[in-house]
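Open the structure in your viewer and keep the selection tool at hand.

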Amino acid sequence: MALAALLFTGCEKSAPTSSDASKPDSRLSNSKPSNASPIEITTKSGVEMVSLSGGEFMMGSERGNPDEAPVHKVRVSAFLMDKFEVTHQMFTKAQSPNPSHWQDNPKKPVERVRWRDAKQYCNERSLLEGLKPCYNEKTSDWDCDYSANGYRLPTEAEWEYACRAGTDQAYDFGQAEKLRQYGWFGENSDQQTHPCGQKKPNGFGIHDLYGNVSEWCEDVYSPTYYKASEAVDPHGPPNTGKDVKRVIRGGSWKSSSAQCRVSTRQGEQTGDSDACFSTDYCGFRCVRRPTPDELKELTTAKNTRP
């Protein structure tokens with residue numbers, strides 16, 4: 001546990017200063033998110049999500065850590081993303097044992113979640129709604145079927161696209177001095193998680209992308225991946241073997257403001273083979289790609305609900 005914490009907080013020493021991080025990155029000016037406004041929907045199992053229409057954006061930063069460069073153009077397809085991080089209430093509804101350190105409030109984000117446990121939740125939630133699960137539990141790495149209409153972890157590109165909300169800055173709301181209004185991090189968290197949705201949402205209406213708990217992504221972590229990233233819906237580098245690190249994003253209750261920037265990336269051991277996994281800063285949220293007919297049905301249900 002102590003080693004994991006040191007690994008996570010150690011990156012803070014090499015992070016850019018908040019003054020540098022808050023400046024717009026001139027390499028990001030070519031971002032072209034879709035003009036369509038995000039649409040809030042509620043799923044069949046009662047989870048609030050935001051429909052994002054996708055588009056092109058400039059991913060990464062030249063002002064951050066070395067693994068955030070080079071800045072490169074990426075296009076992501078339309079997808080739905082959870083409005084809030086997965087809470088204790090949501091997690092146990094899918095009949096998953098709750099591993100969290102803090103269980104005093106059902107609306108707090110679940111944490112101490114292994115990467116594979118997060119994937120299992122995605123599959124269970126898919127089955128609750130009659131969707132095709134994305135993860136093949138019979139394979140050693142629980143391979144992801146991106147063509148399935150069920151829930152999964154976001155790719156790194158999807159996560160950053162959602163967090164940027166069409167902006168070219170380190171935080172979509174502007175300067176780091178405003179971070180207290182948008183997230184729970186090292187300076188205001190009292191060293192613990194907080195109920196989801198208490199802080200302001202980002203420009204796409206999504207809460208707690210900055211701080212509270214860091215969020216698992218689907219991608220394998222590589223510090224040099226951006227040099228060879230695909231231009232359309234990148235899924236990260238291939239799995240190179242046992243105990244590979246996966247990407248976590250967004251900073252947490254213990255992070256510095258620089259670690260909460262939209263482009264900050266971290267590599268974390270999945271904990272899948274660790275009986276004592278106790279990273280109480282790791283949580284997640286789900287995404288999925290509905291068909292146009294499914295999205296129309298969800299949008300209509302939202303508009304007709306009393």
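Begin with helix α5, residues 156-164. This is a predicted model, and in it nine of the nine residues of α5 are buried, so the helix is largely enclosed by the rest of the structure. Select the residues one by one: Glu-156, Ala-157, Glu-158, Trp-159, Glu-160, Tyr-161, Ala-162, Cys-163 and Arg-164 are the buried ones. Buried here means a relative accessible area under 20%. Then step just past the end of α5 to Ala-165, where phi is positive, at about 55°.

Go back to Glu-156 and show its side chain. Which residue does Glu-156 meet in a salt bridge? The partner is Arg-249, with 3.1 Å from N to O. Glu-156 belongs to helix α5 and Arg-249 to strand β8, so this pair links distant parts of the chain, 93 residues apart. Both Glu-156 and Arg-249 are buried.

Select β9, β8, β7 and β10, which is their order across an open sheet of four strands with mixed pairing. Which strands are at the edges? They are β9 (265-269) and β10 (282-283), and each pairs on one side only.

Look next at β7, residues 214-220, beside β8, residues 245-249. These two strands pair in the antiparallel sense, over three bridges.

Select Lys-119 and Glu-218: they form a salt bridge, and their closest N and O atoms are 3.6 Å apart. Lys-119 is in helix α4 and Glu-218 in strand β7, so the pair ties together parts that are 99 residues apart in sequence. Are these two residues buried or exposed? Lys-119 is buried, and Glu-218 is buried too.

Follow the chain from α4 into the loop between α4 and α5. Select Lys-132 and Asp-145, which form a salt bridge with closest N and O atoms 3.2 Å apart. Both residues lie in this loop, so the pair ties together parts that are 13 residues apart in sequence. Lys-132 has 48% relative accessibility and therefore counts as partly exposed. Asp-145, with a relative accessible area of 25%, is partly exposed as well.

Finally, clear the selection and show the whole protein chain. How many helices and strands does the chain have? There are seven helices and 11 strands, and the count of salt bridges comes to 20. The chain has 306 residues, of which 58% count as buried. Among contacts between residues at least 6 apart in sequence, 71% join residues at least 24 apart. Switch to a surface view for the last stop: the chain exposes about 12900 Å², and carbon and sulfur atoms supply 50% of that area.

Methods
Residues numbered from 1 in each chain as written. Predicted model: local features only at pLDDT ≥ 70, side-chain atom pairs only at ≥ 80, totals over all residues. Heavy atoms only, no water. Pairing = 2+ DSSP bridges. Salt bridge = Lys/Arg side-chain N within 4 Å of Asp/Glu carboxyl O. Buried < 20%, exposed > 50% of the residue type's maximum accessible area, 1.4 Å probe, protein only. Contact = heavy atoms within 4.5 Å. Areas by Shrake-Rupley, 256 points an atom, 1.4 Å probe, with all protein chains shown as cover.
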